[in-house]
Amino acid sequence: MRALPPHADLALTLAQIEASPLIERVRSCSHSFAAASPDTIAQIVEAAEGFAATILAPLNVAMDETGCVLEDGRVRTAPGHRDAWTAFIDAGWPSLDAMPDAGGQGLPSIAALAVQALFDRACPAFGMQPVPQRSAARLIAAHGSAEQKAIWLPRLASGDLGATICISEAEAGSDVARVRTLASPDTGGGWSLTGEKCWISFGDHDLTREILHCVLARTPGAAPGTAGLSLFLVPDQIDGHRNGVAVRRIEEKLGLHGSPTCALGFEAAKGEMIGTEGRGLAQMFAMIANMRLSVGSMGLGIASAACDTAWAYARERRQGGRGPIAVPIIDHADVQRQLLAMSARVELLRGLVFALANMVDLATHDSDPAARAEMQALSGWLLPIVKTLGAETAFDVASDAIQVLGGAGYTREWPVEQGLRDARVLAVFEGTTGIQGLDLVHRRLIAEARGFELFVAEARGAAAGCDDATAYALGHCLDTLEETAARLRAPGIARRDIDAGATAFLALATLAATSWIAARLSVIADDGPAGIQLRAVARFALSTAPARAAWLGTEALAGAARLEGFAQA
């Protein structure tokens, strides 16, 4: 496989960080956040790019081609993975946004996500391990006891301890209420867990000395449905001995071959409850929310790699032209359209991921309780949007890159076909696109619309500072979003009609969010190459936004009548 081309321009990442909404408010929240000055972040991002290029990119081929194997009940990772993980630990990357009192650097989320995107650009399967570690740390920080925090957080920050999120079961994927894993009190004051879990990323591996499983389970006599679920911390070993956690199999997958997706059996495994009994699912959202945000960053990394490859290929590949010498295909208008469209999708996703990262930090760290509540509502509105946008951007940009490369892109000689395979699962795990759409409409719009209202107000404020064309495009998207939302919230509308349009409404909300980012980029003050490029992609994206908004609004309100005639087998 040909090597991934150099990152197109690190200045784009740095310019987007400094232009991201609320970045200065984040820096004012804490001493450790204040340390993330522009110069410091630039040094971190440049170091991450070097690590990705020298350590992770060479590993990517082996992880994709060799994958993982199950030997004597344990997972052995791809050749070179352990050495790369050791280098990752030695460089201190796991501690980047971990809390200082747990041995972390305490930097803001935007720094960690920018780094993750660079690592995922080089080797997406590698990045599947650090994300649940960071997510478990957020879970324990939010809901753990003082003793649990003291035991587990330093080990997560150092990278010594792996972590998983164990929710899904054979008959309980998105339908979490059907979870059957049972947690029974034991004589020592702890809990004994028995059940089967599936689709567990890095459910077992040889990278860390121990793995902490965050397991959703039902206690005896608990209420049916999600109200009866509690959350448990289950180490894979105790005092050097296996703790009743068995690896049933590694799944054979389309992509992400270097990331072992395991089916696990809990056979009277010893664990401890975290948080409040019966509140397991609500508590686990501290972990799920971070993992959904990380899907946006992972999608950004995969899309960035595909986009850079397409641009590099288009500059070198010669074909067509009117003279005796063929011209580079980048000279053709349709190729320019494709490349600019890809760049626009990448940069708008980057801007939205960074904006949400700042909101998530402010929702936890802002000193003003009212401001924290507003950021919680606003980040709640944007989270399903960013998760879905990351998934779709990664897959679509990889597909478009194949189109630019033509037949070459369809072969394994070039890295874009792997990007397509690796990206496909992003729209499935951490809640499918359909689930995200239903969540946005029912929970974030109909049940509680504060986040929606805050977003619209913020976006309209951005439109006020733009030129007429930009203000019109963004304003039209917001008008359509509000009109569509009002009709979906109207009294008497049938639940089935709402559900039939939920995914289209999610797409409309996503268009409004990316148009908001485009409007902000259209007035970016950077006059260097990065600023010029960001303004160009903003204009390109906004040029068709009103027409796309009109179509998505129509689709969101089409109702369930168009499903008539559907016959269930």
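Modeller: Helix α17 is mostly covered, with 18 of its 21 residues buried. Keep in mind that this is a predicted model.

Colleague: Now the aromatics. How many aromatic pairs does the structure hold?

Modeller: The structure holds 13 aromatic pairs. One of them is Trp85 with Phe126.

Colleague: Why is the pair of Trp85 and Phe126 called tilted?

Modeller: Their ring centres are 5.8 Å apart. Pairing needs centres within 6.5 Å, so the two rings count as a pair. Their planes stand at 50 degrees. Stacked needs under 30 degrees and edge-to-face needs over 60, so this pair is tilted.

Colleague: Where in the chain do the two partners sit?

Modeller: Trp85 is in helix α5 (residues 81–90). Phe126 is in the loop between α6 and α7. They are 41 residues apart, and the pair links distant parts of the chain.

Colleague: How do you know whether Trp85 is buried or exposed?

Modeller: Its relative accessible area is 2%. Buried means under 20%, so Trp85 is buried. Phe126 has 1%, so Phe126 is buried too. Both residues belong to one aromatic cluster, along with Phe51, Phe88, Trp93 and Phe119.

Colleague: Why is the pair of Phe455 and Trp516 called edge-to-face?

Modeller: The centres of Phe455 and Trp516 lie 5.9 Å apart, with their planes at 90 degrees. Phe455 lies in α14 (residues 450–463) and Trp516 in α17 (residues 502–522), so the pair ties together parts that are 61 residues apart in sequence. Phe455 and Trp516 are both buried.

Colleague: What makes you say that Arg424 sits over the ring of Phe395?

Modeller: The charged end of Arg424 is 5.8 Å from the ring centre. The distance limit is 6 Å. Arg443 lies over the face of Phe285, also at 5.8 Å from the ring centre.

Colleague: Which features mark helix α11?

Modeller: Helix α11 (residues 369–405) has 37 residues and reaches 52 Å, close to the 54 Å expected. A kink of about 30 degrees lies at Leu382, shortly before Pro384. At the N-terminal end, Asp368 caps α11. A side-chain oxygen of Asp368 lies 3.1 Å from the backbone nitrogen of Ala370. Just after α11, Gly406 takes a positive phi of about 70 degrees.

Colleague: How do you know that the span of α13 agrees with its number of residues?

Modeller: At 1.5 Å a residue, its 15 residues should span 21 Å. The end C-alpha atoms are 20 Å apart, which agrees. There is a kink of about 25 degrees, centred on Asp439.

Colleague: Why does Asp439 count as buried?

Modeller: Asp439 has 10% relative accessibility, and the limit is 20%, so Asp439 counts as buried. Leaving aside neighbours within four places in sequence, Asp439 is in contact with Pro384 and Arg444.

Colleague: What covers the buried residues of α13?

Modeller: The cover includes α9, α11, α14, α15, α16 and α17. Among the buried residues of α13 are Asp439, Leu440, Val441 and His442.

Technical notes. Residues numbered from 1 in each chain as written. Predicted model: local features only at pLDDT ≥ 70, side-chain atom pairs only at ≥ 80, totals over all residues. Heavy atoms only, no water. Phe/Tyr/Trp six-rings, centres within 6.5 Å; stacked < 30°, edge-to-face > 60°. Helix = DSSP H or I, 4+ residues; strand = E, 2+ residues; numbered from the N terminus. Buried < 20%, exposed > 50% of the residue type's maximum accessible area, 1.4 Å probe, protein only. Lys NZ or Arg CZ within 6 Å of the ring centre and 35° of its normal. Expected span 1.5 Å × (residues − 1). Bend = angle between axes of the 7 residues up to and from the residue. Polar contact = N/O pair within 3.5 Å; in protein donor to acceptor, adjacent residues only side chain to side chain. Contact = heavy atoms within 4.5 Å.
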